[in-house]
Amino acid sequence: MVRKSPITSVRALLALAPLLLAWVSTSASAEETRHFVMSKFWHAANNAADDCPGGVNPKYPELVPINLANLGYSAREIAALLERDAASEGGDWENDELTQILFYRARINGKPANAYMHPLAVKDPGLKAWGGKMAYGFDLDGKGETPTSFTDPEAGVKGVKHELARVYGCNDQFRARLRDGSAAGLFFWMAIKDAAPAWTISITGENLDKGGPVTIKISRAMEPIRYNGNGTARADMSYRADPDPRTANNVYAGEVKDGLISITRPGPLFMIQEPLLFPLFTMHQFNARMKMNASGVLEVLIGGYQPIDEIYHFCGSANMEAEKNFCAEPPGIYHLLVRHADYDRDPATGRNRAISSTYYLEAVPAFLEPTIPVGGASAGGTQ
Amino acid sequence: MIKALRRAAFAKVAFAAVILASAPALPASAPSAGEPAAPMRRLTPEQYANIIEEVFGNSVELGGRFEPDMRVEHLNEVGSGKVSVSSTGMAQYNAMARTVAKQVTHPANRHLMIPCTPASAKAADDACAKQFLSRTGRLLFRRPMTEREVGIYVRAANVATASTGDFYTGLSLSLSSVLSSPQFLFRQATIEADPDNKGQVRLDSFAKATRLSFFLWNSMPDEELLVAAEKGELRSRRGLERQVARMIASPRLEKGVRAFFADMFQLDDLASLSKDSTIYPKYDAVVAKNAREQTLRTILDLVVDQKGDYRDLFRTRKTYLTQALASLYQVKLINDIPNGSPDTWQEFTFAPNDPRTGLLTHLSFVGLHSHPGRTSATLRGKALREIVMCQKVPAPPDAVDFAVVQDTSNPVHRTARDRLTAHQANPVCAGCHKLTDPMGLALENFDGSGAFRTKENGVEIDTAGQLDNVKFNNAAELGQAVYNHPATTSCVVNRLAAYGLGRPVVLSDREWIGTLTKEFAAKGHIVPALMQAIATSSTFFQAEARPPITGEREAGN
């Protein structure tokens, strides 16, 4: 057997180069890519009236005496504190007696500590979890139906893992139907939409209308999404792709079948979002399912196992404002997240660090100008 | 206190006196009552703004609202000779005059805008007030002020200075009087006896200069033109031609071309055009403003920068877009500027296979000539006939039933063509619709906001039609048919002539218009050349406006 020298092989490859280039360009020209930018984003809820036996969790005013009691205050002391608080003008939270007590209701070595930064150092207020059976999402672990899994109410998928729905589901601020968005979800989205660069979804395939294999890329634009005069997302706007190499690997094999576009090979997702409320959005076993509605809007479900600290940042970073307005009882939510986390066990603590979760988003058609990722064109690739 | 009130009251009386005293002074040879008078044209908002910018700089804000223009015979410029000023309008002019005058005399600006410093800022200074007011007045009135006028405005400034104890306040009040006077607000075609034609009158030199500058630049004469008028150079053919050639070569020609085409294509109507945002969510006030600018930039590029064939406006693929417009037109346009910055204008050429060609496919045409919630092949066809081809389309008869046409969700007549065909079953309607609909239907691929579509209610749109026996299959071919149609050429000549004259073209202008049209066509349909030919013709400087004779058709059609 005669072995070809490396040089001979290189020569042969060079000779074939024009043919290879022609094949590559033919393949490329047969494909089309459609781009979309995200125009709505919130966690996928599926709440209905009376789906929390005994009612939803108490709200901030009812939680105050519970938290004070957990700190050891007597009923008389609590009543006096509340009376003094009602008589005060409020506004100056740094000198507000009740606010200071609640803000520093965590205890580390017996000393008061910031409750929002150290939620596990606050006594668990015992918020109840949601016990519904129908939740949007994906069979993330591939185990099919289990006693704790859900069934997707629209796709009919069994074995859905969406423990975040349990965490949020009995707190008024998070309760909603899928397309309406909860108060917390809307607050979050309204807060970031005009500032955070838009997420982009690019779908590439040979025949996106008929079906077949596709490549799905999730990335970011350089610009925030633009809106119409009536407040709806503006379709067909042009955006530049963010050259940040950290999002370059969010490329997944997928398929189009019966008008449904889905990821067939889940993988990790790394996204950068808005610095204040959701600086990072990462997932293990990232999955997505999307379809175009009658208005030309892409309705998308994304799911995966998400680090609980990334989820909690939304509540914890806004501390007392979050507690009063849009995030139920943040330390209580964190306790729920820890209890329901179902992925990425920490060998040191034995606790799971990630939780199965599903989000709903909408996206409108857009033009996307490719940019070379920082670090070179080779960065990134299909999962 | 009473003394202060008396001072203020006196200042007000002096101000009013200035306004009254500044009524137009007619020359001895002015026609007597009942004879055709030389027209006065009210400044358009754009002309007002242009003059203020040129005299005082672009940092001066107007701070007021203008009364609406009136379109007569398809042109606001013709209407400007038929409008007056209402009491509300006068109040607005006064408010703007005071706003502008305050900025001019403001301590931060006065050293730039006032050429002298008074001996004392707390006392009247005849010499300085005279210097400023006569110099500024010459520009604002487009002619030197008379000694009497200067005297009145200086006296008014002195009275106000005396009552307020501040020279600049006095000057400001007097300047606001100048800016509120009819000599400023109206372009007056002042006349003088014509020594070459006994018993006849002619425009005086300053009126000629004014007519030229507003026609070519949409603003007041510059210093060189005023000097030429003062020296009588505009009386000679050579002097006139030299000035016109200079003006045509000036960058200020763009303002004149903009003003004419905005008027001809009725682009100002975009400012009040509303659409149903549920049906057309991409349409808003910003897009409307952009649409006007898109068309004007396209015109300026082809007509002024490229010195191209006017008719190519109906088939050019080159245009200018903002990001918002690009999204409506569904094309990619990248904005390489920091986030949050206003949209930028970029040159853009639609691809050869793109359905968008020529002005007729711009939002400023298909959107402007549509209803708020649906297209209108009839309105579009009518606009094409009347605006682009200067042909009259009769108004619909009374009590017409439009129910079928308006029913865009009609389960049987699902496209505009179907609905209009059904509507034309009424023979009373059919006659006029034959004039308009075949062209309008060619533009049905563009919805009421100008966005492209191939289907209406799920049915493929048929865009075939014909224009005066020339058949076409789509908007691009319609553009070519408009390009080839002789009325396209004669119409722009008619409109430009009427725009310059400030009155409709009449039958007796036929020979002049005929000559202009022939030359325009022979020289490649170059608009600046046509403007030059008009601006150097004797008809353009006719002293008397001749009202159109009832029943006369526009010449050239």
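User: What makes Cys116(B) and Cys128(B) a disulfide in this predicted model?

Analyst: A disulfide needs two cysteine sulfur atoms within 2.5 Å. In this predicted model, the sulfur atoms of Cys116(B) and Cys128(B) are 2.1 Å apart, so the pair meets the cut-off. The link is right-handed, with 90° about the S-S bond.

User: Why is this pair said to tie parts of chain B together?

Analyst: Cys116(B) sits in the loop between helix H5 (110-113) and helix H6 (126-140), whereas Cys128(B) belongs to helix H6, so the pair joins parts that are 12 residues apart in sequence.

User: How do you know which hand the disulfide of Cys52(A) and Cys170(A) has?

Analyst: Happy to show you! The torsion about their S-S bond is about -105°, so this disulfide is left-handed. Cys52(A) lies in the loop between strand S1 (32-43) and helix H2 (60-70), and Cys170(A) in the loop between helix H5 (163-168) and helix H6 (183-192) of chain A, so parts 118 residues apart in sequence are tied together.

User: Why is Cys52(A) called buried?

Analyst: Buried means under 20% relative accessible area. Cys52(A) has 6%, so the term applies.

User: What makes Cys315(A) and Cys327(A) a disulfide?

Analyst: Their sulfur atoms are 1.5 Å apart, and the limit is 2.5 Å, so the pair qualifies. Cys315(A) is buried at 2% relative accessibility, and Cys327(A) is buried at 0%.

Definitions and conventions: Residues are numbered from 1 along each chain as its sequence is written. Chains are lettered from A and ligands numbered from 1 in the order in which they are written. This is a predicted model: local features need pLDDT of at least 70, side-chain atom pairs count only at pLDDT 80 or more; totals for chains, interfaces and linings use all residues. Side-chain values use heavy atoms; hydrogens and water are left out. Helices (H or I, at least four residues) and strands (E, at least two) are DSSP runs, numbered from the N terminus. Buried means under 20% relative accessible area, exposed over 50%, partly exposed in between (1.4 Å probe, protein chains only).
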